[in-house]
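Here is my note on the model, point by point. Please read it with the structure open.

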Amino acid sequence: HKGLGVPCEVLRRLARRCPALLQGLREGGGEASGGCLLGAERWEAPTGPFAQISISVLRVLLHWAISGRLLFDRSRAKALHEALVALGAETMASKVERFIFAKGSEGEQAARTPTRRRRRQQTGGLL
């Protein structure tokens, strides 16, 4: 199986956002040689730039390349953060990391709230 067919223009847009892909473009001859960034054989290789990235995270990255908006499911935030770091998109990776911690602290707060309510109901006051 040759993998997922992605238009070269979408890959170019993603490469502009991800320095590691841009570096691969320069090393592989990419646009200068008339190829699609790294060349089809390097994209398809088991060691290619997306080899360790899940298809769901790749879809998020491709949507980001096309629309400029990074939309993702909360359950994929950690995997997305790791992929962005691997691709050299440090600024966006730190934004995703802040999202993870912000949502984590909200989750912790929500988890504590029922206990506080129970205590208030039991004691009749705030603790």
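1. Lys78 and Ala86 are the exposed residues on the face of helix 5 turned away from its buried side. Exposed means over 50% relative accessible area, buried under 20%, partly exposed in between (1.4 Å probe, protein chains only). Helices are DSSP runs of H or I, at least four residues, numbered from the N terminus; strands are E runs of at least two.

2. Helix 5 spans residues 77–86, and its buried residues are Ala77, Leu80, His81, Ala83 and Leu84. Down the helix axis they fall within an arc of 165°, so they line one face. The arc is taken over directions from the axis to the C-beta atoms. Gly88 follows helix 5, with a positive phi near 85°.

3. The model is predicted: local features need pLDDT of at least 70 and side-chain atom pairs 80 or more, while totals for chains, interfaces and linings use all residues. Residues are numbered from 1 along each chain as its sequence is written, and side-chain values use heavy atoms, without hydrogens or water.

4. The largest nonpolar core has 25 residues; Leu14, Leu61, Trp64 and Leu84 touch the most other members. Such a core is a set of buried Ala, Val, Leu, Ile, Met, Phe, Trp, Tyr and Cys residues joined through side-chain atoms within 4.5 Å. Helices 1, 4, 5 and 6 each give two or more residues. Helix 4 gives the most, seven.

5. Leu84 touches Leu61, Trp64 and Met92, among others, leaving aside residues up to four places away in sequence. Contact means heavy atoms within 4.5 Å.

6. Overall, the protein chain has six helices and zero strands. Of its 127 residues, 28% are buried.
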